[in-house]
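Okay everyone, let me put the structure up, and then I'll walk you through a few spots in it.

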Amino acid sequence: MSDVIISLISTIDGENEIGDPIKIPHIRENIFAKKKSITRVEFYQAAAAGIKPQITFEMRVIDYEDELLLGYENKTYKLIRTFEKDDDFIELICEGGVNNVNA
């Protein structure tokens with residue numbers, strides 16, 4: 001089922017060296033997923049709403065903790081939608097793909 005490894009990225013509250021509140025990335029690595037393409041129908045429907053889905057990953061529901069960012073092949077993607085296929089699997093529909101060596 002799984003053919004790629006992704007990272008799921010959330011943020012936690014922290015503070016910088018002078019005590020200002022900041023968001024600190026929290027990265028969970030080595031999550032197994034299956035890379036899928038965006039369907040034509042989904043692409044055009046999203047484009048009509050100003051959204052640009054680029055890639056979908058399918059993974060086990062138990063591994064997903066409501067993260068909003070995803071790392072794959074040194075790029076960071078923003079999750080724009082999730083879809084629970086059944087009790088075991090969820091699809092993460094993503095846009096973006098910003099180069100990022102940390103994710």
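Predicted model: local features only at pLDDT ≥ 70, side-chain atom pairs only at ≥ 80, totals over all residues.

So, this one has 1 aromatic pair. By that I mean rings of Phe, Tyr or Trp (its six-membered ring) with centres within 6.5 Å; planes under 30 degrees apart are called stacked, over 60 edge-to-face, and the rest tilted. The partners here are phenylalanine 57 and tyrosine 72, sitting edge-to-face with 5.1 Å centre to centre and 65° between the planes. Phenylalanine 57 belongs to strand β3 (residues 55-60) and tyrosine 72 to strand β4, so the pair ties together parts 15 residues apart in sequence.

Residues are numbered from 1 along each chain as its sequence is written, and side-chain values use heavy atoms, with hydrogens and water left out.

Back to that pair: are its two residues buried or exposed? Phenylalanine 57 is buried, at 0% relative accessibility, and tyrosine 72 is buried too, at 8%. The cut-offs are under 20% relative accessible area for buried, over 50% for exposed, and partly exposed in between, using a 1.4 Å probe and protein chains only. In β3, 5 of the 6 residues are buried, so that strand is largely enclosed by the rest of the structure.

And what does β3 pair with? It pairs with β2, antiparallel, over 3 bridges; pairing takes at least two DSSP bridges between the strands. One thing to look for is lysine 34, whose bridge partner in β3 is glutamate 58.

Now over to β4. On one side, strand β1 (residues 4-15) pairs with β4 (residues 69-72), antiparallel again, over 3 bridges. Serine 7 has glycine 71 of β4 as its bridge partner. Strand β5 (residues 75-84) also runs antiparallel to β4, and 4 bridges join them. There, leucine 69 stands opposite lysine 78 in β5.

The hairpin of β4 and β5 has 2 residues between the strands, and glutamate 73 in it takes a positive phi near 50°. Asparagine 74 is in that loop as well, and it's partly exposed at 47% relative accessibility.

Let's zoom out. The chain has 1 helix and 6 strands, in the order β-β-α-β-β-β-β from the N terminus. Of its 103 residues, 31% are buried. If you take contacts (heavy atoms within 4.5 Å) between residues at least 6 apart in sequence, 54% join residues at least 24 apart.

Last stop, the surface. Ile12, Ile22 and Ile24 make a nonpolar patch of about 210 Å². Patch residues have over 30% relative accessible area and no salt bridge, with like charges joined within 9 Å and nonpolar side chains (Val, Leu, Ile, Met, Phe, Trp, Tyr) within 5 Å. A salt bridge means a side-chain nitrogen of Lys or Arg within 4 Å of a carboxyl oxygen of Asp or Glu. Isoleucine 24 is in strand β2 (residues 21-36) and is partly exposed, at 31%.

Definitions and conventions: Areas by Shrake-Rupley, 256 points an atom, 1.4 Å probe, with all protein chains shown as cover.
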